Amino acid sequence: MMKLIDARGLSCPQPVIMVRKGIAAMGSDKLEVLLDSVTAKANVIRAAEFEGCKVLVSGRGDEFSIIIERE
């Protein structure tokens with residue numbers, strides 16, 4: 001099962017805080033994070049990798065989707 005975090009329109013550190021809470025609660029599930037900022041994308045990736053998670057990024061235009069899962 002995949003949980004969705006829609007952080008579009010939010011500025012840092014809000015997306016990172018949301019993702020860190022999501023990672024803490026996700027167990028064996030995956031997270032999908034929607035973003036519309038290059039800065040937020042970089043910060044979310046860094047936070048997820050710091051937590052030991054695998055990250056898959058895709059994007060189209062100004063929007064990004066990040067899939068986060070435990071390794």
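This briefing describes the strands, helices and nonpolar core of one predicted model. Local features need pLDDT of at least 70, side-chain atom pairs count only at pLDDT 80 or more, and totals for chains, interfaces and linings use all residues. Residues are numbered from 1 along each chain as its sequence is written, and side-chain values use heavy atoms, with hydrogens and water left out. Helices (H or I, at least four residues) and strands (E, at least two) are DSSP runs, numbered from the N terminus.

**The sheet**

- Four strands form an open sheet in the order β1-β2-β4-β3, and the pairing is mixed; two strands pair if DSSP finds at least two bridges between them.
- β1 and β3 are the edge strands, each pairing on one side only.
- From one strand to the next, the twist averages 20°; axes are lines fitted to C-alpha atoms, for helices over the stretch in contact, and angles run from 0 to 180 degrees between N-to-C directions.

**Strand pairs**

- Strands of a sheet pair through backbone hydrogen bonds, either parallel or antiparallel.
- β1 (residues 2–6) and β2 (residues 30–35) run parallel and are joined by five bridges, with Ile 5 having Val 33 in β2 as its bridge partner.
- The path from β1 to β2 passes through helix α1 (residues 14–25), and this β-α-β crossover is right-handed: with the strands pointing away from the viewer, the path from the first strand over the helix to the second runs clockwise.
- β2 and β4 (residues 63–70) run antiparallel, joined by five bridges, and Glu 32 stands opposite Ile 67 in β4.
- Eight bridges link β3 (residues 53–60) to β4 in the antiparallel sense; Val 55 stands opposite Ile 68, and Arg 60 has Glu 63 as its bridge partner.
- The hairpin of β3 and β4 has two residues between the strands, and Gly 61 in the turn has a positive phi of about 65°.

- α1 lies across β1, β2, β3 and β4 and runs at about 170° to β2.
- A nonpolar core is a set of buried (under 20% relative accessible area, 1.4 Å probe, protein chains only) Ala, Val, Leu, Ile, Met, Phe, Trp, Tyr and Cys residues joined through side-chain atoms within 4.5 Å.
- The largest such core has 17 residues, of which Val 19, Ile 23, Val 33, Leu 35, Val 44, Ile 66 and Ile 68 touch the most other members.
- At least two residues of this core come from each of α1, β2, α2 (38–50) and β4, and α2 gives the largest share, five residues.
- Leaving aside residues up to four places away in sequence, Val 19 touches Ile 5, Leu 31, Val 33, Val 44 and Ile 68, where contact means heavy atoms within 4.5 Å.

Methods
Buried < 20%, exposed > 50% of the residue type's maximum accessible area, 1.4 Å probe, protein only.
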